[in-house]
Amino acid sequence: MSQGFDKITKKGDSPRPIMLEKKDLFTRIVSFSPKLLILILILPVLCGLICVLLPALSWLPALEKTTLNLQGFIDLWQTPGITQMAALSLATGLISTLLAFVIALMILAAFFNSVWLQRIEHLLSPILVIPHAAAAIAVGFLIAPSGMFARLISPWLTGWEMAPDGMFPHDPYGISIILGLTLKELPFLLLMALGALAQPELGKKLRQQYTVALNLGYYPITAFFKAVLPLLYPFLRLPILAVLAYASASVEMPLILGPNTPPTLAVSIIQWFNDVDLTLRIKASAGALLQLVLTAGLVAFWLGGEKAIKTIFSVSSVNGKRHYADAIWQKVTAMLTVGVIGFMLLSLSGLVLWAFAGFWRFPAMLPEQFVLLHFQSAFTQMSTPLVNTLSIGAVSTAFAVFLTLLCLEAEQLSAKPLSHFTSFIIYLPLLVPSIAFLFGLVWLQQLANYQSEFFNVAFAHLLFVLPYVFLSLASSYRRLDPRFAHVAASLGAAPIKVFFQIKLPQLFAPILIAIALGLAISFGQYLPTLLAGGGRIATITTEAVTLANGASRRTSAVYAIMQMALPLIGFIVAWMLPKYFFRSGAR
Amino acid sequence: MRVIATLPMLKRLTRYSTYAMVMSICIGISASTASPTTANVNQDLSPWQQIEAQGSNQDVYFYAWGGDPQINAYLQWVADQVDDKYNINLVHVKLSDTSEAVSRVLAEKSAHNDDQGSVDLVWINGANFATMSENSLLLKQWANKLPNFALTDPDNNPIVNFDFGVPTNGMEAPWGQASLTFYYDSLSTSKPPTTLNELATWTAQNPGRFSYPKPPDFLGMSFLKYVLVMLHERQDAQTGKDISAQLNLPATEENTALVLDPLWEFLDNFHPTLWRNGEQFVQTGAQMRRLVDDTELSLAFTFSAPEVPAAVQRYDLPQSIRSYAMSDGSLSNTHFVAIPYNASHPQAAQLVANFLMSPEAQAKKQTPSVWGDKSVLVQSTLSPAHQALFKTKQPHPSALPFDSVKRTVSEPHPSWVEAIQQGWQARYGVSP
């Protein structure tokens, strides 16, 4: 995971091109691969968007509607509570992203260059592999009126013999959603920042600047904000925008934690799409476009805010002030970090308790008895979803890793870094709200290939797996010492041989990490699985979300634990294997 | 000169043809994974035997609500049975809402997929059925030809031919019957309300301890219909008018306000006494059950009475739970399975539907520890051996006592669902 995000275009020491007289098949495939990458990412997203535009304009031949009009938008506008829905989406998306970003910065600033930063990274990185649905289930249990917090203080402090009529989760202001999203996105942003710092040159440069600032008498936190952040931020921009886009349009968290009078816009859209009243699909499509506008607005707002902050603080960053109550901020950050980690540990332990709990009446702190029943009954029904989860993950990840490696090899063979355009395109499926383009994509898939849900789902997963795999592999690939390849080539090895026998073994560890990451991303996909599979393809995640909104909290806990265990196993394997194979590749 | 000009074009053409080849290979691979098997049709066989011959050895994608592990386990048992009997591979596609299946079939219709649909069989009733039937999304005149359909005594048993008052026309095979059952936590409340009046008094005395699922949830709508029917019975008795008859007619612009205003008046006073002051509602009956387990609610209801003792046995509800039926009436309805018009395996789906109606499957389903869904079969049509399958053992303490449903209330016309839902959404869908 430490590879993380890397700047895709890298200037400077690009390896010298390996000149070839004649292009062999391998070289041709390699040089074609970036085009394929762009096609795979752009086509579905753009076509998906176009195909959601038509029904939004009331063009839906199945309902014998073939005249274009704005009825969908009028209906949308007249929906009771539409402004509240939009406001809730905007507020939860913006506030959670801002909170996650600020806390991540505070942790970085307070623990920069200290051993604690790595410890916090180790504690938080498992959160990254927890799917949103599982995290929402865990958080929900913690903050519910009958949740772990209430049990810890009841009845001795509160006198509650029965759960009180509380406010969380499902509070009307979306605080529960903000809490869940913040906790889930914080580790992501932190790891992205650490990934950027792990780049040898940038990391070295920033650490040097930081040391200089300290020597000049700047207090640590101030030194971070003045000397490190301005250079670090450009590396965080795309991940932040991806988080912002996700948070404003996600479905799982608001579905499990959010209010429903009214819910967020994205949840409403899903409900309209699935409503018995089929004409509601026109309104749903219009809503999907509104969601797109909202998310785009948020992104624009964030970019504007960046500029504003830059202008405002351009003076203060060179005003020579050495500290801004650093000692207090240090303490605040330490407390906040302990709070965040404590919250996560408590919610995870609650999840484990529920998975084994027999009768467990409020306000008892522990279950009356521990049973294996929930695991047994879940496992009897889990085989199909498990096989689906694993096979879809394997197919989409294998393809993503293969294509990424080819693209990176293309970059080295042609000695041309991928263009800015390409690096932006890689983020496209993360920046466009999936709810806006997935419906169109499903419609397209229906036309082109309605018989194989498996293929459709794997393809939809690929759109989300590919960016992460690419980002995870890019830095290691670009860091490969080009001399090995040069020596091999000068000894007459064909590019294909250099690729398979020289480069890939050196990349054994990063490739395994990328595979584990790709699998984790695929395992966690809810909306793409649900929509592209037409509900036919059940995975652990779709089952977990279906169960989370009802049935048994104990069964939900078992599924959430499964959701966490699967990617975790992947990462453990990825960490262990290099110790036994290709020792040179393990760093 | 010409040749030189075409060269780059040729080059481009080769490139495009490579793209096309890759694409076609991908499509080819995915298409080859699905190959419908059609058995030879022997003209000498009876229609049912032909269906048996054609339907065996196929897949059946059964789209059914998947929110209850007990029901899921029962469907798993059904899958094993039809696998043994007909070598049918029954795949339960777990829906969180049946309307997802309706949308699916619609999407396929819009893509002109008229014979390779993904839904083979769907668990359905009420508004979803009305929608599918209006849009001609269902296969017609098959259910009444299933051999086991005779066991429901269709001539004397209207519940198997009407779905919320709408004739099924052989588009649905009856599968089970349900009536609204209430349950309460006996440690929190010793005397639960048994009429609508008592319920209103009870929630006023126990604020925040009752709620109902938000429409359009099926169970929430059922509760609202129960309230509506009861309010009109009471009002008609007081005023001597007969407004409740309107409930069996389609909702129109004229009668909607007349019929629904008493409901809104009641809910205006009722909601502030509910969980979260009626500003937040649970999404499903299962979520409501979980809140009872959390002791946030003390009273709840379900359409599937046996889910209550089963949940206690699974530790999902406390042991202090007791079930009962409202004494002023229990809303009752029948649920069905249907086959979409474009199902890929309609014959196999009929074999499954017929098996679902078999005494064996119905008796298993009625067993409280399995599912406890009331059978649609009429006992007098069954052989003594089959009747014996339905004998129950010692009931669980939290199960609905035998014969506790004193009076059943039938469902209003399905068009009221839409009217109630819209009115509810406009009034209570956005909390202040």
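In which helix of chain A is the place of Arg151(A)? Arg151(A) sits in helix α6 (residues 148-152) of chain A.

This is a predicted model, in which local features need pLDDT of at least 70, side-chain atom pairs count only at pLDDT 80 or more, and totals for chains, interfaces and linings use all residues. Residues are numbered from 1 along each chain as its sequence is written, chains are lettered from A and ligands numbered from 1 in the order in which they are written, and side-chain values use heavy atoms, with hydrogens and water left out.

**View 1. Arg151(A) is a buried residue without a salt bridge.** Helix α6 of chain A holds this residue; helices (H or I, at least four residues) and strands (E, at least two) are DSSP runs, numbered from the N terminus. Buried means under 20% relative accessible area, exposed over 50%, and partly exposed in between (1.4 Å probe, protein chains only). A salt bridge is a side-chain nitrogen of Lys or Arg within 4 Å of a carboxyl oxygen of Asp or Glu. For Arg151(A), the nearest side chain of opposite charge is Asp294(B), 4.8 Å away; Lys and Arg count as positive and Asp and Glu as negative, while His and the chain ends are not counted. Beyond its neighbours within four places in sequence, Arg151(A) is in contact (heavy atoms within 4.5 Å) with several residues, including Phe141(A), Trp354(A), Trp360(A) and Met365(A).

View 2. The size of an interface is often given as the accessible area lost when the parts come together. The contact takes 80 residues from chain B and 68 residues from chain A.

**View 3. Polar contacts and salt bridges cross between chain B and chain A.** There are 21 residue pairs in polar contact between the two chains, with both residues at pLDDT 80 or more. A polar contact is a pair of N or O atoms within 3.5 Å; within protein, one must be able to donate a hydrogen and the other to accept it, and residues adjacent in sequence count only if both atoms are side-chain atoms. On the side of chain B that touches chain A, helix α4 (residues 99-110) gives the most, with 10 residues. That side divides into 30 nonpolar, 32 polar and 18 charged residues. Here Ala, Val, Leu, Ile, Met, Phe, Trp, Tyr, Cys and Pro count as nonpolar, Asp, Glu, Lys and Arg as charged, and the others, Gly among them, as polar.

**View 4. Glu453(A) and Arg104(B) form a salt bridge, 3.8 Å from N to O.** The pair crosses between chains, from helix α17 (residues 453-479) of chain A to helix α4 of chain B. Glu453(A) is buried, with a relative accessible area of 6%. Arg104(B) is also buried, at 9%.

**View 5. Asp293(B) and Arg554(A) form a salt bridge, with the closest N and O atoms 3.1 Å apart.** This pair crosses from helix α9 (residues 285-293) of chain B to helix α23 (residues 553-580) of chain A. Both Asp293(B) and Arg554(A) are buried. Arg554(A), Asp293(B), Arg314(B) and Asp316(B) are linked in a network of salt bridges. Another salt bridge joins Asp294(B) to Arg553(A), with 2.7 Å between the closest N and O atoms.

**View 6. Helix α9 of chain B is mostly covered, with 9 of its 9 residues buried.** Among them are Gly285(B), Met288(B), Arg290(B) and Asp293(B). Just after α9(B), Thr295(B) takes a positive phi of about 65°. In chain B, buried residues make up 57% of the 432 residues, and the secondary structure comes to 14 helices and 11 strands.

**View 7. Arg483(A) and Asp481(A) form a salt bridge, 2.6 Å from N to O.** Arg483(A) counts as exposed, at 59% relative accessibility. Asp481(A) counts as partly exposed, at 26%.
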